[in-house]
Amino acid sequence: MSGGVAISACPACAAAPLATETARRGAGRGALMGDADSQILLALPGIHCAACISTVERALGTVPGVRAARVNLTLRRATVEAPGLEAAPLVAAVEAAGYEAHELDAATLARSEDTAGRDLLMRLAVAGFAMMNVMLLSVAVWSGASDATRDLFHWISAAIALPTLAFSAQPFFVSAVRVLRVGRLNMDVPISLALLLAAGMSLYETTQHGAHAYFDAALSLTFFLLAGRLLDARMRRAARSAAAELSALEVPRARRVDAAGQEALVAIADLAPGDLIRVRPGDRLAADGVIESGTTDLDRAFLTGESLPVAAGPGDAVHAGEVALSGVVTLRITALGPDTALGRIRDLVARAETARMRYTPLADRAAAIYAPAVHLLAAAAFLGWLWASGDVRLSLNIAVAVLIITCPCALGLAVPAVATAATGRLYRHGLLVKSDTALERLATIDTVIFDKTGTLTDGRPDPVGLDALPARDLGIARALAEASSHPLARALGRAIAARGIAPAELGDLREEPGRGVAGSGGARLGRADWVGATRVDGTATYLGTGHGAPVAIRFSETLRPGAAEAVATLRARGVAVRLCSGDVAAAVAEVAARAGIDDWEAGLDPEAKAARVADLTQAGRQVLMVGDGLNDTAALAAARASISPASALDAARVVSDAVLIGGTLEEIPAALATARSATRRIVENFGVAAAYNAVAIPVALAGLATPLAAALAMSFSSITVSINALRLR
Amino acid sequence: MSVLAILIPVSLFLGGIGLLAFVWAVRGRQFDDPEGDAARMLSDDWDDRPRPD
């Protein structure tokens, strides 16, 4: 959230700068449990009930060195106070108790603390208290109090309302002043003007023993608008803390090798080109470089979409973002940060984002028409009555009534109420919406582009035709496969283990990086030329048992759950579906056939993917990009809307509008449907607000509006809008 | 009507107590984990003695 520059016409946007401001102010206050240094935060995505809380807290409590542990079920998070303790034993303890746990970067999360929400809640509470009391006094005035009694009630109302407005309505005043300084208008300008004029006019009327005072209207206006703001702030907080959580999951470090050959774990920022770093199996490469020693298999799926690892040895250039699967390698860094292949993809993303058509949210479009119209109406009412009656006091009273009656209570609630209901519903179905306007953009989608590896498939190959092999060979294969971390070997090991075949007793198991695994008795599992088998088309590994000819074991990729159903549902609704992949044609064609997609393209590099999205957008299509790899990020950023699975790389999740957590791909058509009905509700809500205004404005212009009429119009329109939003559930 | 002189201050005072209680609850972070608090009362932990922290 770029707090300082968010100047926009939508009332909801004011919550963001307010959030940063209050976060700064609240930062000094200490947290509930000790200082942040001794605190470890754990993400617990799997907890959901009272028993989970006690189990996790008890498990954490038994770890030596833990002083206190508290689970927050709303945020699915545990705060552990354990001075001098690392997160690893805590994660292990929670996992031993049967729950998934990840360490979170406390510093990243400190920024998303909910001081803004608490601040708004406090202002809302004060406004609510004052509103109720003043409303009680107003009821007495409406029902006929007169003379001294009426004056007394007005004075008491003023004594309650003025300090309350000064405190509770601050967010509106601050935001209005901010946009006025740069010569623009937003929804907060008419709100602030209405509040100030109403309070000032009512105070003057009270001193003049007048009949009409609008203290109650000013307070209920503040109350309803703050309620909308609070909903909005809560929603942003949920999305922001989830986004922070996702980025806090990756703590980038590298093992630097110094001149003496000693390894030290250092932050990426401390590395320089020319440094040597050691990469162990399972590590993600932190920088571009050239291999100095050692060989490994590199998984490039995130960078290129290739489903199979490639072998790399001394002298080969490797890139940041690739994952080493076998063998320890030492590499000399050639490029870091923005100079890496990864950095270049980020540039591509930045360009795609600036090229993306700027989307104007519905609330902004409404405000752009609304704010000037209200001011013109009020000014016209004042001038018209002044010309007709010559009475400044009467004219000003009517102008204030127009401002109050048209004031956008319902407009302020129209978007946040619906968006809260809709994002809550999507979250329960496993889709986390990160962007404010994502719902509105998702609603317009008519074309969906899927990436293959890691998106439509789970990126895990599955061996086929194992039944044709004798059990003895499978036993040997399992023993070999379990000695390797190559994805094909692991998949094979899992598949054989699932058949209940025990591993054969092989000695002398060793993995030869880039080739395969060998064991005693001449058993080998790996590349065709190394095992001595003849190559077959498609993805396969080769097994030589030491007796008889080597055999090929073919693999196919497993579709993600719900992939075929999602495609079918989308097509049934008339949404075009495409598959764009960086993988080889044979693999893409096969997956496309199983998922039921006719329209597919293979061998696309990141630029080509982004270009495909741009072409379709040019042709007037509204594209939803679903992808997970770095090679998809530019396309994700260029598309009208984008979704990435939770397993996606950090960079991809950051540019996506929504993240699919857990849930199956079937949630995507469901999300499009929810987004469509949410947008319809928002438009309906604007309609409701407009209808109330259409009735109320002529009454106010005619000078017939009383404080009672204003209070009724305001409450009814706000309640109607809220109820309409709740229908979404 | 003179009863108003008592009733209005009394009602404001009572409402004010409610407001202060709410402010106190918000400051004490009692609204930070509504789901967890709802679930916690179902668990038997610390039913016999208070939590030692």
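This dialogue discusses how to read the interface and some local features of a predicted model.

Reader: Which conventions apply here?

Author: In this predicted model, local features need pLDDT of at least 70 and side-chain atom pairs count only at pLDDT 80 or more, while totals for chains, interfaces and linings use all residues. Residues are numbered from 1 along each chain as its sequence is written, chains are lettered from A and ligands numbered from 1 in the order in which they are written, and side-chain values use heavy atoms, with hydrogens and water left out.

Reader: How many residues of chain B are in contact with chain A, and what area do the two chains bury between them?

Author: The size of an interface is often given as the accessible area lost when the parts come together. Contact means heavy atoms within 4.5 Å, and 27 residues of chain B meet 30 residues of chain A by that criterion. Buried area is the accessible area (1.4 Å probe) that two parts lose on being put together, summed over both; here the two chains bury about 2400 Å², 60% of it on carbon and sulfur atoms. Leu19(B), Arg29(B) and Arg40(B) supply 24% of the area that chain B buries against chain A, more than any other three residues.

Reader: How many salt bridges are there between chain B and chain A?

Author: A salt bridge is a side-chain nitrogen of Lys or Arg within 4 Å of a carboxyl oxygen of Asp or Glu. The count between the two chains is two. One of them joins Arg70(A) to Asp37(B), with the closest N and O atoms 3.9 Å apart.

Reader: Which helix gives the most to the side of chain B that touches chain A?

Author: Helices are DSSP runs (H or I, at least four residues), numbered from the N terminus. On that side of chain B, α1 (4-27) and α2 (34-40) each supply at least two residues. The most come from α1(B), with 11 residues.

Reader: How is an aromatic pair to be read, and how many are there over all chains?

Author: A pair of aromatic rings is described by the distance of the centres and the angle of the planes. Rings of Phe, Tyr and Trp (its six-membered ring) pair if their centres lie within 6.5 Å; planes under 30 degrees apart count as stacked, over 60 as edge-to-face and the rest as tilted. The count comes to one pair over all chains. The ring centres of Phe223(A) and Phe224(A) are 5.8 Å apart and their planes stand at 65 degrees, so the pair is edge-to-face.

Reader: Is Phe224(A) buried or exposed?

Author: Buried means under 20% relative accessible area, exposed over 50%, and partly exposed in between (1.4 Å probe, protein chains only). Phe224(A) counts as buried because its relative accessibility is 15%, whereas Phe223(A), at 21%, counts as partly exposed.
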